[in-house]
Each structure stands twice: as C-alpha cells, then as structure tokens.
Amino acid sequence: MKIAIVCYPTYGGSGVLATELGIALANRGHEVHFITYQQPVRLALLGERIHFHQVTVPEYPLFHYQPYELALSSKLVDMVKLFGIELLHVHYAIPHAYAGYMAKKMLQEEGISIPMVTTLHGTDITLVGKHPFYKTAVTFSINRSDVVTSVSESLKRDTLAIFDVKREIDVIPNFIDVNKNHDNFTDCQRSIMASEDERIITHISNFRKVKRIPDVIKVFHEIQKELPSKLMMVGEGPERDNAEQLCEQLGIVDKVVFLGNSHEIDRVLCFSDLFLLPSETESFGLAALEAMIYKTPVISSNTGGIPEVNKQGVTGFLSNVGNVQEMARNAIHILKDDATLARFKMHAEHEARKFDIRHILPMYEEIYNKAFTLA
Ligand code: GMT
C-alpha cells in the first residue's frame, strides 16, 4: 500500500509515534511518504520505501499568519498524484485532519478517491482542540475522516464527551519495538552520571506546562532527602528555565542534570532506576512506555490514559495530579532496597511487552482496509 503520513516532525509523542509507525510499515513492505515541514527527528534514513516531502510556506509580508494548512493540502494533492499514494494517515487533528480533508476534496474533483485516517493523540483534543476558537473546525475534521483512531480508551471517552462526534472511534494504543535490543547498552556509562550508591531518576518530555515540571523537581527534592540520587531532565521547552531556577532555590543544582533534546534516550533509559511523569493530562504517556521497556518503573499521575499503561503497585504507582508528597513516598518505596526495585523493574518490562509493535501494526493495517471500504 502507498501511504502518506502527515505529522509533526518534532520531539512530541505524536510525531515520534507517527515516525516509528511509518518505519514499521515500510519494513512490512508498504511505501511510506512522510509529508511535513521538516524531516521527522526520529527518521534517520530515507530509502526505497520511505520518502520525505517537505512542505514549505513562503513568507509573505501581507500575511500576519502564514497559511501552513493551504501549503500542506496543496502538497498532499501534488504528492498523491505524483506517487499514486492510496491512503492519507494524518496524526494530530490540528491542522492535519483539516488540511487532509481539503486535499481529499480537491482530489475528488479530479476523479481521485482517497481515504483518510485520522489519529487523535491527546492535546489536539484535551487542550488545544477543545478551545472555542478551534472546536468547530476540529469537530468537522473528525466527522469527515473516513476512520478515526485514538491512542487510548481514555482519549476516546474525552473525545466523545467534548465533541459531537458522528464517527466510530477505534482505539489503537501507542507501541514500542520490543525486538530493538534494549539490553544493548551493557556499557551504558552509568558511572558518568552517578556514583555507585546513587539512584538515577529520569524525566523526559517537551517541558510544556501540561507536564508539571515543577512537580518533577519537587518529587525529586523529597527523594534525595532520603536516598542518594540524581535527576536526569531530558528535553527542551518553555518550562525549562523555571525548572532550573527551582533547582537553584531548592539547593539541588548539583544533583540535577539538564540534558536537552538528547539523541541518547536509549542510553539514558538504560541506566535509569525510576521515571517520573506527573502530568496534568496525558492521553497515553508514550514516554512512560519507552521507560518501562528499559525496565524502568514509573511514578505518575493517575490522569487520562496513564492507568492503561502504568499499573498501580506493579509497574510503579499513580497518584492524583499534584500530590507530590505521595509520589515521593511511593518513589522511595520502590527505590529504597534492591529487591523491591528489581521486582518493579521486571514487571515494568513485562507490561511494556504487551505494547509491542508486532501486536499493534496489524491493527493499523486493518484500519486502513476498513478506510478503503468507507471512503
Ligand atoms: O505529550 C506531549 O506533549 C506531546 C504530545 C503530542 O501530541 O505530540 O503527546 C501526545 O501524544 C502521545 C502519542 O500518542 C501520547 O503518548 C501523549 O500522552 C500525548 N500527550 C498528552 O496527552 C499530553
């Protein structure tokens, strides 16, 4: 099948997932065309079955806002015609589903019928999409998609509660590749980051408000009072400066390492003992799943789709949003002795294996076949 994937090319979860899906589809023999404004960060190699087409939006002084949707829908039409693309899979409703639908209509005028699958990822519904300025257009785009998928049961419930949805929503969870060798880093250079007796705690995100970065720091602040430990902060975003200031105020600068947008996520997770994800809302929590496959238990909030991934008392613990004290107590419980930590590590990996791409990819293929029957 020739599939166009439209996504954000940056470090956000939706872009990561869309990229990994595209790569896996190509490995299964499909021809995949990524159509976005820059080469997706996780897309290292283009090849015979993986293509990238850049959407460029020329600056024009008359426009206060440059019309990306217009450029994207034009590019989609052109690429569908040039490469004979058979299906559009757009990730993140805003503005991709809207642009995809316009492309579909333009192609229809030329006698080309193409199905569109829209995958909802989270903030396109729970934060941005429900804003009154966007809601009408987002509702329209969801209802005009041939098939709509969401990444968790929780996101499906939220979507049905917020929007007047006339479509069935199929749940296809986020995934990881368990066959990627997660034990590869025998030399994972743990000693560069911490001494023998220190526990390593990690947070990875795009440092937006929704991630509650101050809670990450505060939980760690409590942990390090009880146990020798270090905190690895991986990612970049608007909350980073405040986070560094908070570390200064709390006197823990020497125990917190800000790694920025690292290409060495694998290595960092390999030496992590605990992952913190205290988000305000999280449709799934791909970062937690990625941590778990590296045998890293998770302390998280109990919001959105996180309970579908992080199992209470098994792979980690979940607390109400903002309950920093409880999160810290649970973290200390996991970390305080080697036997407890080893048990949580084992269960985290075991649970993560259920989300292997080999179980999830056929679900997407089935959805694509369904889209053809509905288009
Ligand atoms: O979490 C982010 O800030 C990025 C965001 C995105 O859309 O790029 O992630 C969302 O999609 C991921 C992949 O489906 C989910 O695993 C994340 O939970 C979700 N983030 C939120 O709902 C906040």
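**Exercise 1. State how the chain is divided into domains and how far apart the domain centres lie.**

Step 1. Domain 1 covers 2-175 + 356-374, and domain 2 covers 179-355; these bounds come from an automatic or database domain assignment.
Step 2. The centres of the two domains, taken over C-alpha atoms, are 30 Å apart.
Step 3. To the contact (heavy atoms within 4.5 Å), domain 1 gives 24 residues and domain 2 gives 20 residues.

A note on the model: it is predicted, local features need pLDDT of at least 70, side-chain atom pairs count only at pLDDT 80 or more, and totals for chains, interfaces and linings use all residues. Residues are numbered from 1 along each chain as its sequence is written, and side-chain values use heavy atoms, with hydrogens and water left out.

**Exercise 2. Describe the interface of domain 1 and domain 2.**

Step 1. The size of an interface is often given as the accessible area lost when the parts come together.
Step 2. Here the buried area is about 1,600 Å², with 52% of it on carbon and sulfur atoms; buried area is the accessible area (1.4 Å probe) that two parts lose on being put together, summed over both.
Step 3. Helices (H or I, at least four residues) and strands (E, at least two) are DSSP runs, numbered from the N terminus.
Step 4. H14 gives the largest share of that side, 4 residues.

**Exercise 3. Find a salt bridge in the structure and place its two residues.**

Step 1. The whole structure holds 22 salt bridges.
Step 2. One of them joins the side chains of Lys230 and Glu198, at 3.3 Å from N to O.
Step 3. Lys230 is in strand E9 (residues 229-234), while Glu198 is in the loop between helix H7 (190-193) and strand E8 (199-204). The two are 32 residues apart, and the pair links distant parts of the chain.

**Exercise 4. Locate Val171 and list what it touches.**

Step 1. Val171 belongs to strand E7 (residues 169-171).
Step 2. Not counting residues up to four places away in sequence, Val171 touches Ser150, Val151, Ser152, Glu153, Lys156 and Met363.

Terms used
Salt bridge = Lys/Arg side-chain N within 4 Å of Asp/Glu carboxyl O.
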